[in-house]
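Subject: Structure handover

Hello,

I am passing on the structure we spoke about. Please open it alongside this email and follow the residues as they come up.

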Amino acid sequence: MVAIELIADAIPPVHTSDTVQKVLDRMIEFRLRHLPIVNEEQFLGLVAEDDLIGESDYQTAVGALALSQVNPYVLEDQHIYDVIRMFYERQLTVIPVLDAKRNYLGIISINAITEYFAKITAVAQPGGIIVLEINNKNNSLAHMAQIVESDNAQILSSYVQTFPDSTRIEVTLKVNKQDISAIIATFLRYEYDIKATFNSTDHNDNAKDRYDSLMNYLNL
């Protein structure tokens with residue numbers, strides 16, 4: 001997945017002649033705190049809500065304002081992890097996407113990132129979640145998949161979380177079975193350390209906790 005595939009076409013950019021009031025109204029409409037300022041195809045910068053609310057005259061053109069953000073953007077062919085890292089480091093709600101000539105192509109919104117991870121982590125699909133804590137030298141996803149498949153199940157998604165100054169890692173597996181007791185028993189038989197288990201009968205499938213852990217892991 002690369003940046004251009006997540007562009008939100010429905011969110012128009014801001015122009016230098018737009019008033020502070022117009023930009024604030026657009027932020028409210030799309031529930032965002034940042035919007036790109038564009039002159040034809042040229043990306044000029046990112047205007048933040050904080051740049052606007054202190055302005056006394058809401059009819060002032062945004063082109064006359066000093067911007068707090070220093071032109072954050074990603075190129076169209078950058079990997080989604082680069083996009084996530086910028087969201088995390090800059091605490092943004094949108095990230096502009098530019099082509100190789102630095103022309104503006106569109107933006108990626110924080111909502112698009114949330115929807116993307118909901119899909120790749122299969123949070124909407126019923127099943128069970130197994131959290132393993134293992135030594136990173138024994139991190140064989142192939143062996144874990146064999147264990148899951150031995151009970152006629154499949155891994156829908158997986159991710160790994162590392163810990164500073166430790167050789168231990170946390171592996172989270174989402175499988176397409178709600179009854180994961182036999183899979184757990186097999187993991188225990190192979191001496192895996194099971195940190196936690198969840199299934200779709202748990203409240204919200206613990207999706208928020210798993211998503212927070214995933215974002216932690218992607219802090220590259």
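This is a predicted model: local features need pLDDT of at least 70, side-chain atom pairs count only at pLDDT 80 or more; totals for chains, interfaces and linings use all residues.

Two packed helices are described by the angle between their axes and the distance between the axes. Here the helices are α5, residues 141-149, and α6, residues 181-189. Their axes come within 9 Å and cross at roughly 135°. That angle makes α5 oblique to α6, because an angle over 145 degrees would be needed to count as roughly antiparallel. The crossing in which α5 passes α6 is right-handed.

Which residues make the contact? On the α5 side they are M144, I147 and V148, and on the α6 side I183, T186 and F187. By type, the residues of this contact divide into five nonpolar and one polar, with no charged residue.

The aromatic pairs

Searching the whole structure gives three aromatic pairs. I describe two of them here.

One is F43 with Y73. The ring centres are 6.4 Å apart and the planes stand at 75°, so this pair is edge-to-face; the cut-off for that class is over 60 degrees. F43 belongs to strand β2 (residues 42-48), while Y73 sits in the loop between α2 (49-53) and β3 (74-75), so the pair ties together parts that are 30 residues apart in sequence. Are the two partners buried or exposed? F43 has a relative accessible area of 9% and is buried. Y73, at 27%, is partly exposed.

Another pair is F187 with Y192. This pair is also edge-to-face, at 5.0 Å centre to centre and with 85° between the planes. Both of its residues are buried.

The loop residue

Where is T93? It is found in the loop between α3 (80-90) and β4 (94-98). T93 has a relative accessible area of 8%, so it counts as buried, the limit being under 20%.

Leaving aside residues up to four places away in sequence, T93 touches L32, R33, H34, F87, I108, S109 and I110.

Regards

How values were computed:
Residues are numbered from 1 along each chain as its sequence is written. Side-chain values use heavy atoms; hydrogens and water are left out. Axes are lines fitted to C-alpha atoms, for helices over the stretch in contact, and angles run from 0 to 180 degrees between N-to-C directions. Helices (H or I, at least four residues) and strands (E, at least two) are DSSP runs, numbered from the N terminus. Angles under 35 degrees count as roughly parallel, over 145 as roughly antiparallel, 65 to 115 as roughly perpendicular and the rest as oblique. A crossing is left-handed if the near helix is turned anticlockwise from the far one by less than a right angle, and right-handed if clockwise. Contact means heavy atoms within 4.5 Å. Ala, Val, Leu, Ile, Met, Phe, Trp, Tyr, Cys and Pro count as nonpolar, Asp, Glu, Lys and Arg as charged, and the others, Gly among them, as polar. Rings of Phe, Tyr and Trp (its six-membered ring) pair if their centres lie within 6.5 Å; planes under 30 degrees apart count as stacked, over 60 as edge-to-face and the rest as tilted. Buried means under 20% relative accessible area, exposed over 50%, partly exposed in between (1.4 Å probe, protein chains only).
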